[in-house]
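Dear colleague,

I am passing on the structure below, together with some notes on what turned up in it. Please read the notes with the coordinates open beside you.

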Amino acid sequence: MKVYFDNAATTPMHPEVLEAMVPVLSAQFGNPSSIHSFGRETRALIENARKTVAKLLNAAPAEIFFTSGGTEADNMAIRRTIYDKRIKHAISAATEHHAVSHTLEELEKEGSIHLHNLDVDTQGQINMAQLESLLQAHPGAFVSLMHANNETGTVIDIAKVGAMCKQYGAIFHSDTVQTMAHFRYDLSSTHIDLLTGAAHKFHGPKGIGFLYLSNRLQITPFITGGAQERNMRGGTENVYGIVGLAKAMEIAYRDLDHDVAHVTSIKYKMMRMLEAEIPGVRFNGDTSEGNLYTVLNVSFPPSDMAETLLFSLDINGIAASGGSACSSGSNVGSHVLRAMNADSNRPAVRFSFSKFNTMDEVEYCVAKLKEIFAVTA
Ligand SMILES: Cc1ncc(COP(=O)(O)O)c(C=O)c1O
């Protein structure tokens, strides 16, 4: 049996997405900047996709900019806002994805900003009182706090953070790469200036994402070049990717209620079975309802096989990841779990689920884990 429990790293494409992309890949090849009919056809595909994304977020089409993915959208949001607005103080947390934390750290190193990382508790929850006092001390700061953590699934109250940012005149960027198309957003009523999405996290293609840039905020391009994306991102557009992204998002929101219920039941079944079958098992992050239902970070009891746990799962056909998949292979451990003061003797595995997973897969995975731990007990 092959089981894919690494959906926070990336998801398989939805068949309907592929169906929407194939005609574009095979026949609609015009450059969207060309004024002839071939170009006008692909231009229309892009603008329709932009309208779809905007509508689903209750935003305006002019607030959506397509990028090569989450990393580029985060870089564009952070670098261009901080440079253009000459911001001197940034507030973030050590649990952010490296697309955010490495970008902010580089800006600090070059002397552009002072970076203030909020304390997080053992579940990865930020300290709201500390956020408020930093906002008071540094009016007009840049705040970058992710909606849900990609390793633990802990969700922060972005509506509350947004309201605080509004109160103190701060600019609020939220990395929503893990929650986009998994949670509903109403950007007409939630105060967020910049947020980011990547299609491959919600059954769309890789290499395509977007930045939502509130019309309250004006910034200059991160990638300079041609006049594409209304002068905000040079380069011929990834037309089939854009079509795939919009289709994937449309499907995700169409099926959201059903999929949330299904994936949540998978996660909680896995938790209950692990607790029953593997003594001493715990969970990293906040696993209560309202957190990211696609992610379950399991803290296994200390054992000799910690180093080989992912390998043992892999040879049994189970794909999961240790910490963030974006940095797997680097062997430096998880910066997120370190920031949460997690016990470094306990191996941590992130299992992440999608609408395509089944209860049988959970049962198979837990049975295999039981075998793996029985050998070393
Ligand atoms: C929270 C978060 N932000 C940003 C990214 C980067 O997205 P992309 O791979 O599309 O560049 C990821 C990918 O894992 C992520 O989980």
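Buried is used here for under 20% relative accessible area, exposed for over 50%, and partly exposed for what lies in between, with a 1.4 Å probe and protein chains only. The model is a predicted one, in which local features need pLDDT of at least 70 and side-chain atom pairs count only at pLDDT 80 or more, while totals for chains, interfaces and linings use all residues. Residues are numbered from 1 along each chain as its sequence is written, and side-chain values use heavy atoms, with hydrogens and water left out.

After helix 3 comes arginine 86, with a positive phi near 50 degrees.

Methionine 13, in the loop between strand 1 (3–4) and helix 1 (15–26), is partly exposed at a relative accessible area of 31%.

As for confidence, pLDDT (the predictor's confidence in each residue, from 0 to 100) averages 95 over the chain, and 97% of the residues score at least 70. Over residues 324–328, however, the pLDDT is below 50, and this stretch has nine contacts in the model beyond near neighbours in sequence. Where pLDDT is low, the predicted coordinates should not be read in detail.

Conventions. Helix = DSSP H or I, 4+ residues; strand = E, 2+ residues; numbered from the N terminus. Contact = heavy atoms within 4.5 Å.
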